[in-house]
Amino acid sequence: MSHLRRDELEILFRQAGLELSDSAHERLVQFLELVIHTNEQLNLTAITSLEEGYVKHLYDSLAIIGLPEFARADTLIDIGSGAGFPSIPLAICFPGKRFTSLDSTQKKINFQAQAAELLGLQNFTTCWGRAEELAHSPAYRESFDLATARAVAQVNILLELALPFVKTGSAAVFYKGKDYLSELESLQKPLAVLHAGLDRAISYHLPDNLGERAFVVFQKQQPTASAYPRKPGVPQKKPL
Ligand code: SAM
């Protein structure tokens, strides 16, 4: 595994004032191998090589660790987590935080549950269903210190899916590609309706010139009205 960019990952941890332990690193690679291997049967991700997955899945998932919103959060929900990104790498490295990983595709959630068991993750729970429905469940509504979503939908749609899950005063952080700026142009209405504010956007580079990415950070200012999120499919068909 020496060709994988552990040095870059270590720098990321050091910049956040943290250290990446050998055992966490071993389990990160074990998880990635499991994703790549299982992909042959389940079609979990478009990435098929360990080298690319190391940067585009592991490094990218963990790039959030330096954000104060992440550092402060004890309970996190990852919406549309697919094969478990970013939630499983984060859960491996931060055993003191509790992660809930939500996806509407059953085979992906089953994969995540099996992977978590294999890795012995005690701080990780899976949840199968649509964000539009689960956000109305009292067990999940306004319950989390942070919501994340990577590669799930446009920002205006994500706001409606994610903000109902977080407590007032807490944040939602979306992982975006380099062309995210146009998605921030039409947020006036969703932000007003959902009582939230755009805090900031932070660009970063993946190692090995594998691309530019950004975090877009929103703060929830008041509780979400009970009408939101709307019924499954409506936030996507008729974005606020
Ligand atoms: N976050 C993962 C990643 O970055 O690799 C997966 C991204 S994948 C492109 C998007 C995932 O979001 C899919 O697994 C899909 O099932 C899930 N998804 C999309 N809309 C959803 C919704 N409304 N509720 C729950 N899951 C959703």
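How many of the eight residues of helix H8 (residues 155–162) are buried? I put this to the structure, which is a predicted model, before turning to the chain as a whole.

**Entry 1: helix H8**

I found that eight of the eight residues of H8 are buried, so the helix is largely enclosed by the rest of the structure. I listed the buried residues of H8 by name: Val155, Asn156, Ile157, Leu158, Leu159, Glu160, Leu161 and Ala162. I noted that Asn156 and Glu160 are among them.

**Entry 2: the chain overall**

I counted ten helices and seven strands in the chain. I then compared its radius of gyration with the globule rule: with 240 residues, a compact globule would have a value near 18 Å, and the chain has 17 Å, which agrees. Along the principal axes, I recorded a span of about 50 × 30 × 30 Å for the C-alpha trace.

I recorded 54% of the 240 residues as buried. The chain exposes about 10,800 Å², and carbon and sulfur atoms supply 49% of that area. For contacts with a separation of 6 or more, I found that residues 24 or more positions apart account for 72%. I also looked up the charges: there are 24 positive and 27 negative side chains, and the centres of the two sets lie 8 Å apart.

I looked next at strand E4 (residues 144–150). Seven of its seven residues are buried, so E4 is largely enclosed by the rest of the structure.

Which strands pair with E4? I found that strand E1 (residues 75–79) pairs with E4 in the parallel sense over three bridges. In that pairing, Asp78 has Thr148 of E4 as its bridge partner. I found that strand E5 (residues 166–177) also runs parallel to E4, joined to it by six bridges. Here the bridge partner of Phe144 is Val166 in E5.

**Entry 3: Thr126**

I located Thr126 in strand E3 (residues 124–128).

Setting aside neighbours within four places in sequence, I found Thr126 in contact with Ser101, Ile109, Gln112 and Ala113.

**Entry 4: backbone exceptions**

Where do cis peptide bonds occur? I found one from Phe85 to Pro86, with omega near 5°. Pro86 sits in the loop between E1 and helix H5 (87–93). I found another joining Tyr228 and Pro229, with omega about 0°. Pro229 belongs to the loop between strand E7 (212–220) and helix H10 (234–237).

I then noted positive phi values in residues other than glycine. Glu142 has phi near 50° and lies in the loop between helix H7 (131–134) and E4. With a relative accessibility of 27%, Glu142 counts as partly exposed. His195 has phi near 55°, and I placed it in the loop between helix H9 (188–193) and strand E6 (196–205). His195 counts as partly exposed, at 26% relative accessibility.

Methods:
Residues are numbered from 1 along each chain as its sequence is written. This is a predicted model: local features need pLDDT of at least 70, side-chain atom pairs count only at pLDDT 80 or more; totals for chains, interfaces and linings use all residues. Side-chain values use heavy atoms; hydrogens and water are left out. Helices (H or I, at least four residues) and strands (E, at least two) are DSSP runs, numbered from the N terminus. The radius of gyration is taken over C-alpha atoms; the globule rule is 2.2 Å times the number of residues to the power 0.38. Buried means under 20% relative accessible area, exposed over 50%, partly exposed in between (1.4 Å probe, protein chains only). Contact means heavy atoms within 4.5 Å. Accessible areas come from the Shrake-Rupley method with a 1.4 Å probe; for residues, only the protein chains shown count as cover. Lys and Arg count as positive and Asp and Glu as negative; His and the chain ends are not counted. The place of a charge is taken as NZ of Lys, CZ of Arg, CG of Asp or CD of Glu. Two strands pair if DSSP finds at least two bridges between them.
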